[in-house]
Amino acid sequence: MKVTCESVWNNCLKIIKDNVNLQSFKTWFEPIQPVMLDNSVLTIQVPSQFFYEWLEEHYVTLLRKTIKRELGEDARLEYRIVVENSNGNSNPHTIDYPNYNTGNKNPEVSMPLVIGKSIKNPFVIPGLKKVQIDPQLNPAYNFDSFVEGDCNRLARSAGFAVAQKPGGTAFNPLVVYGGVGLGKTHLIQAIGNEIKSRFSNKTVLYVSSEKFTNQFIDALKNNAVNDFIHFYQLIDVLLVDDIQFFANKDKTQDIFFHIFNHLHQGGKQLILSSDRAPRDLEGMEERLLSRFKWGLSADLQIPDFETRIAILEKKMYADGIELPREVVEFVAYNINTNVRELEGALISLLAQASLNKKEIDLDLAKKIIKNFVKSISREVSIEYIQKVVCEYFDVDVEKLKEKTRKRAIVQARQLSMFLAKNYTKNSLKVIGKHFGNRDHSTVIHSCQAIQNLLDTDPEFKDNVSDIKKKIQMSIA
Ligand code: ADP
Ligand code: MG
């Protein structure tokens, strides 16, 4: 078979796939295109400068080894970087992103215990039985629109397992917990929607804890507590959002405890969400807490960079929007608090762009995102870092840009690069420019050298923490 750049790259991809996690593979390797093979030099095309630097910083060893395996010891890799057209009159390069609707998206979760068939409900009031209950679900919150990542894998797959067999797994109750905007409501509603579509005869109900509490208070006022209880006892799949709201509401907890027991004994499914782990819930009755621990508690974490890119891409795809790759990377890199803010940033980007009738390029994105991330506006400059470091070591700033190999200067130079990388959002290329036009690989090397020193030399570490304090004071 003829060896082509495609065949070589395909073989490389097979190896790479086994060595990185799926999300990283999709983010950093699928967008790469092989373009040329010249003896043992393989040229690959990457979508941006940032992308290239990321590969060089995080995957260079893997890439090198893999290519050597395919093309022999002399193998070399060269990059071609697609430069976005910033004047906006021609299409920027677009990338085919992974399609999340296909593939092995729902890994098996082991189910150690299967609960028996449901028991007939003895409490149903006859007339109520035929009442159709609206599940109160938002159809947009489904599994397809919920991007999977390391941050949510357990919760998502447990949720998916529950949706296949509501009431029939050990995950009962399933408690999904995590900070605001991390996808609790989305995920539990996705479970509800999935169950509704699989088992149309099941009565599914989503309710926030606040609504549940208010309904109960109304029932108390109207002498209708029994109706309230009976209504909830009709449900096959009960989704209760934000149960931390029950804290210190003894009567509500009491009634919820009885409903919980009734449903659980009847083999009905309970799915709860909370802003913290059940063990950390305060103001909650012990007997209720112990019920929450019967099933499975799974947390949602802040998505990593790759997952943030995937979430943005998913939203853009759903809304039919295209943005330059570097803009997506910029947003994903800078908004690292939660998914809601990530979406907020995307929305304000689009709003501003349509208001100003302007294409969104990196400059515009930077301006808009600045309002979102206070730290960007308070970012220190590379010059400032150089000044602080040089004052500390009593070195002339200009020397950092020269070729001098004197130990004290080399160290000040490397440390300034290291801090510039950690305290600013500049690319390695830009950082290198500030040090007498050094290239990005010098910056990577410097950062590694400093990290080694930090790990091995306690005195140096103390010096660095003094310097860091000085820098931090200027941004505080
Ligand atoms: P929470 O209930 O934890 O505060 P939400 O479920 O309301 O968070 O999520 C906030 C927003 O982020 C919603 O618009 C939701 O669709 C979106 N979101 C959260 N996690 C994901 C994910 N993994 N994939 C896609 N969208 C997500
Ligand atoms: Mg919520």
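Where is N39 found? N39 sits in the loop between β1 (33–38) and β2 (41–46). Helices (H or I, at least four residues) and strands (E, at least two) are DSSP runs, numbered from the N terminus.

Keep in mind that this is a predicted model: local features need pLDDT of at least 70, side-chain atom pairs count only at pLDDT 80 or more, and totals for chains, interfaces and linings use all residues. Residues are numbered from 1 along each chain as its sequence is written.

Most residues other than glycine have a negative phi, and most peptide bonds are trans.

| Residue | Phi | Relative accessible area |
|---|---|---|
| N39 | near 50 degrees | 71%, exposed |
| N248 | near 60 degrees | 61%, exposed |

N248 lies in the loop between β6 (237–241) and α9 (250–265). A cis peptide bond, with omega about 5 degrees, links N172 to P173. You can find P173 in the loop between α5 (153–164) and β4 (174–177).

**Two helices together**

Helix α8 (residues 225–233) packs against α9 at an angle of about 35 degrees, and their axes are 9 Å apart. Axes are lines fitted to C-alpha atoms, for helices over the stretch in contact, and angles run from 0 to 180 degrees between N-to-C directions. Contact (heavy atoms within 4.5 Å) involves V225, F228, I229, Y232 and Q233 of α8, together with I255, I259, H262 and L263 of α9.

Definitions and conventions:
Chains lettered and ligands numbered in written order. Heavy atoms only, no water. Buried < 20%, exposed > 50% of the residue type's maximum accessible area, 1.4 Å probe, protein only.
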